[in-house]
Amino acid sequence: MSTCDIKIWRTWALAITHEAGAYTEQKFNAEKTGGEPVIPSPNLDTDLVMACDRLADVLIKAYKNPIKMQIDIARYSKLISPKNTGHNEEKEEKLLERCPPGHEGTKVVDKPATIIDVSGTIIAWYLPDALTETTQKEIRAATDLLGPSLEKSVKADGNWRYNQEWFKQGSENVGSTPGCINLSPAWFQQGHENLSDPEVSASLKGPSSENILKAIARPAAIASAALRVMHPQQYFAGLRALSHLGDKALSKELPQMPETLQYWASVFNSLSIISNQETPNHRDHLSIPECFDILTTVGNYSNARMRRIVRHGVDGGEGDRIAWAWYMRDSVHIYAGVPSCGWAMVEGGILTTV
């Protein structure tokens with residue numbers, strides 16, 4: 001893939017993320033092939049290098065532990081209507097009858113693994129213990145910083161994503177504030193895609209915006225570095241979209257967007273921060289089917305389970321649980337003029353894209 005049209009300003013936080021991604025990819029390839037040791041860029045601080053080293057080790061373990069299923073994920077995705085929320089159990093059973101997973105009952109995955117379909121397409125990477133303690137502390141601190149916004153997000157009724165019935169306070173009422181908010185340098189209000197210019201999300205419009213963006217920078221870099229290995233085409237599509245978005249933000253003088261992009265450290269264009277919430281089985285229809293979302297969870301909790309792979313939900317657990325979901329909204333890529341991605345695959349032991 002050509003990257004000559006991607007411009008990243010040196011002052012952007014994304015420049016460091018790009019170097020962290022390159023180091024992680026080189027480290028992964030060296031460990032996979034038995035190559036020479038990789039020397040990190042001097043621009044990467046010690047904590048970030050250690051985080052990339054941990055990530056590369058877990059990525060290798062997952063790569064070497066493929067779990068094959070008989071489902072055809074491309075065909076499965078074509079059968080799903082954009083309006084299919086994943087809540088209708090009868091419809092979901094019929095969908096699985098048409099695209100059976102190839103095994104009966106529940107299959108529990110509890111170690112690093114890749115989930116691969118019948119054609120070699122990678123459905124998911126499972127990377128437990130991929131975050132260093134330092135990165136986990138940063139996620140907790142950033143979530144605490146956003147406590148007021150999280151508290152305001154919970155409503156008495158309405159959509160389950162914000163309905164108070166699905167939230168609970170952490171252990172002994174000292175855990176992270178329950179709530180769900182979205183952060184993005186380019187956010188379209190629902191129903192306004194392709195009808196107007198995107199805006200900086202509400203949670204990043206206040207006086208604390210710069211502090212928030214700096215607080216999420218290292219976790220953003222780690223998630224992006226993981227994507228550089230898992231789906232390089234998607235990684236560069238995200239990078240290209242933000243580069244083009246930067247040009248548009250300046251030429252069209254979009255409010256606060258140039259300043260926000262300067263500190264936005266992820267190749268993903270959206271982040272949902274979810275604190276102490278259970279979820280029903282659902283499907284995230286704003287994501288791109290061929291692309292990976294990255295879900296990171298931290299906290300002092302037990303007995304929580306992620307259900308399903310494509311349609312998913314989180315059972316209630318005991319303790320304090322924070323989840324950060326990084327994803328790419330296709331509407332932003334369309335606005336930025338970036339082509340769609342193919343599926344990430346494994347062919348003859350080589351990661352590729354079709």
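Guide: One term before we start. A helix axis here is a line fitted to the C-alpha atoms over the stretch in contact, and angles run from 0 to 180 degrees between N-to-C directions. Also, this is a predicted model.

Visitor: Okay. At what angle do α5 and α8 pack?
Guide: About 125°, and their axes are 8 Å apart. Helix α5 covers residues 133-145, and helix α8 covers residues 217-230.

Visitor: Why give both an angle and a distance?
Guide: Because two packed helices are described by the angle between their axes and the distance between the axes.

Visitor: So what do you call the arrangement of α5 and α8?
Guide: α5 is oblique to α8. Angles of 65 to 115 degrees would count as roughly perpendicular, and those over 145 as roughly antiparallel.

Visitor: Is the crossing left-handed or right-handed?
Guide: α5 passes α8 in a left-handed crossing.

Visitor: Which residues meet there?
Guide: From α5, Thr135, Glu138 and Ile139. From α8, Arg218, Pro219 and Ile222. The contact residues of α5 and α8 split into three nonpolar, one polar and two charged.

Visitor: What else does α5 lie across?
Guide: Strands β5, β7 and β12. α5 runs at about 95° to β12, which is residues 322-327.

Visitor: What's the strand order in that open sheet?
Guide: β4-β5-β12-β7, four strands with antiparallel pairing. The edges are β4 (179-183) and β7 (294-298), and each pairs on one side only. From one strand to the next, the twist averages 15°.

Visitor: How many bridges join β4 and β5?
Guide: Five, in the antiparallel sense.

Visitor: New topic. Where is Ser203?
Guide: Ser203 sits in the loop between β4 and α7 (209-215).

Visitor: Is Ser203 buried or exposed?
Guide: Buried. Its relative accessible area is 18%, and buried means under 20%.

Visitor: What does Ser203 touch?
Guide: Leaving out neighbours within four places in sequence, Ser203 contacts Ser149, Ile181, Asn182, Leu183 and Ile212.

Visitor: Last one. What do β13 and β14 form?
Guide: A hairpin, with two residues between the strands. β13 (residues 344-347) and β14 (residues 350-353) pair antiparallel over four bridges. Glu347 stands opposite Ile350 in β14. In the turn, Gly348 has a positive phi of about 60°.

Technical notes
Residues are numbered from 1 along each chain as its sequence is written. This is a predicted model: local features need pLDDT of at least 70, side-chain atom pairs count only at pLDDT 80 or more; totals for chains, interfaces and linings use all residues. Side-chain values use heavy atoms; hydrogens and water are left out. Two strands pair if DSSP finds at least two bridges between them. Contact means heavy atoms within 4.5 Å. Angles under 35 degrees count as roughly parallel, over 145 as roughly antiparallel, 65 to 115 as roughly perpendicular and the rest as oblique. A crossing is left-handed if the near helix is turned anticlockwise from the far one by less than a right angle, and right-handed if clockwise. Ala, Val, Leu, Ile, Met, Phe, Trp, Tyr, Cys and Pro count as nonpolar, Asp, Glu, Lys and Arg as charged, and the others, Gly among them, as polar. Buried means under 20% relative accessible area, exposed over 50%, partly exposed in between (1.4 Å probe, protein chains only).
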